[in-house]
Amino acid sequence: MADKMKTPRTSEMEFGGSLGALLLLFVMPGTVLYLLVTCNTEDASVLRLPGSWPPLETLWDPFAVVLLLSWISLQAVLYMLPIGKVAEGIPLKDNTKLKYRINAFQAMLVSSLLAGAAVMVGFPLSYVYDHFLQLAVGSGLIALFLSILLYIKSLAAPESALAPGGNSGNPLYDFFIGHELNPRIGFFDLKYFCELRPGLIGWCLINICFLVKEQELRGSPSLSLILVCGFQALYVMDALWHEEAILTTMDIVHDGFGFMLAFGDLCWVPFTYSLQGYFLVRHPQELDIPVAVGIVLLNAVGYIVFRESNSQKNTFRRNPADPRVARLETIPTATGKRLLVSGWWGIVRHPNYLGDLIMALAWSLPCGLSNILPYFYVIYFTVLLIHREARDEHQCIKKYGVAWKEYCRRVPYRIFPYIY
Ligand code: NDP
């Protein structure tokens with residue numbers, strides 16, 4: 001019984017094992033820096049290295065770190081407020097369920113009110129644009145420091161609390177992937193907190209600061225920037241509104257909390273997902289109304305595919321007898337769970353990824369077609385989701401065996417109908 005509770009050693013290493021992990025420790029922060037420095041050059045060309053890199057000492061700004069820590073602390077206080085319901089996660093190895101406070105949407109509303117008040121009283125929000133590089137470096141350092149603390153904490157964690165994917169015994173790999181599954185300080189769940197709050201809400205705050213900066217520079221924000229910020233705000237609000245859905249995702253259920261997620265949540269998401277806005281402040285683009293309408297429609301199509309397919313699966317997983325999904329065709333599996341083979345999940349095996357990618361394209365199009373840099377997000381996201389789909393497929397074959405193979409036979413395309 002005690003052995004059953006232990007997390008077995010990780011036998012299959014992902015991302016190229018410890019060498020891949022070592023490489024990514026440098027490639028991830030290096031990419032953020034490269035993108036931001038390139039975006040700030042005259043032509044923002046990714047085809048050649050930026051001529052002059054900013055001197056190392058200019059990348060460090062203690063005030064930026066103080067601001068970041070204040071922001072994270074504010075989000076931590078909002079997370080801890082006894083507002084919103086408490087939901088249970090999926091059963092752990094010992095059959096217990098962790099409890100999670102669901103109040104990220106309220107945290108977003110309070111943060112927006114505070115940002116609005118800051119604009120009203122003339123607080124210099126354009127500081128964020130002017131010190132974007134320093135803020136990104138500060139976030140990266142905070143993420144690194146947090147990952148080191150998380151790894152040290154994980155060494156004292158019981159065997160049953162370790163992540164199935166981050167228990168290889170190789171310290172570098174486990175540090176990168178995350179050794180402990182759900183590190184907590186009392187009720188405060190560190191991974192869950194970082195997944196949705198400081199970075200994701202911070203991404204919207206960054207966009208507001210870009211709008212303020214454009215207002216200062218050109219008298220009013222451009223239509224292109226308004227569209228990008230509007231689309232991304234919708235995406236973040238949707239994620240926060242459906243906060244509970246994150247409790248069943250790979251990140252919460254399977255992945256440990258280490259450098260990969262800490263850096264991803266605190267630095268990568270806010271500072272690369274906002275690249276289109278950063279680009280537009282430095283390289284303004286004219287947008288004709290008919291083109292803008294076309295882009296809005298494209299984003300709407302992407303959002304509908306993304307939201308409807310995610311909701312259909314979530315409803316089905318919560319209650320297969322729900323009238324909204326009860327008539328859909330399904331395949332039984334040996335685990336007792338069924339797989340949808342009609343509706344959205346009968347078109348491709350990951351309709352939610354398809355919708356997400358359509359939206360990603362709509363966020364880049366307002367930046368025009370003359371530069372590839374603002375298309376970084378859609379290119380990177382395609383690679384990420386293709387890789388994520390392969391990881392999920394691997395888990396599903398292990399979980400569902402022949403039933404999954406039957407699903408693949410009935411629904412042969414993974415993300416893009418008739419293409420992939
Ligand atoms: P999914 O929501 O796609 O979940 C995959 C799981 O769904 C499978 O493991 C399986 O789990 C279940 N499933 C798969 N096929 C079926 C089926 N036919 N019928 C019923 N259940 C099925 O995974 P993600 O967590 O990767 O994505 C969630 C959303 O988050 C997506 O929209 C994605 O685009 C988005 N996302 C965004 C990111 C970003 O950076 N912006 C990053 C990652 C994801 P089980 O059977 O155990 O329920």
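1. About 2,900 Å² is buried between domain 1 and domain 2, and carbon and sulfur atoms give 67% of that area. Buried area here is the accessible area (1.4 Å probe) that two parts lose on being put together, summed over both. On the domain 1 side, F231, Y235 and M250 lose the most area to domain 2, together 23% of what that side buries.

2. A word on the source. This is a predicted model, where local features need pLDDT of at least 70, side-chain atom pairs count only at pLDDT 80 or more, and totals for chains, interfaces and linings use all residues. Residues are numbered from 1 along each chain as its sequence is written, and side-chain values use heavy atoms, with hydrogens and water left out.

3. Domain 1 covers 21-286 and domain 2 covers 287-420. These bounds come from an automatic or database domain assignment. The domain centres, taken over C-alpha atoms, are 24 Å apart. Domain 1 puts 33 residues into the contact and domain 2 puts in 31 (contact: heavy atoms within 4.5 Å).

4. Three salt bridges are counted between the domains. The cut-off is a side-chain nitrogen of Lys or Arg within 4 Å of a carboxyl oxygen of Asp or Glu. The side chains of D255 and R391 form a salt bridge, at 3.0 Å from N to O.

5. Several helices (DSSP runs of H or I, at least four residues, numbered from the N terminus) supply at least two residues each to the domain 1 side, including α2 (17-39) and α12 (259-272). α10 gives the most, with nine residues.
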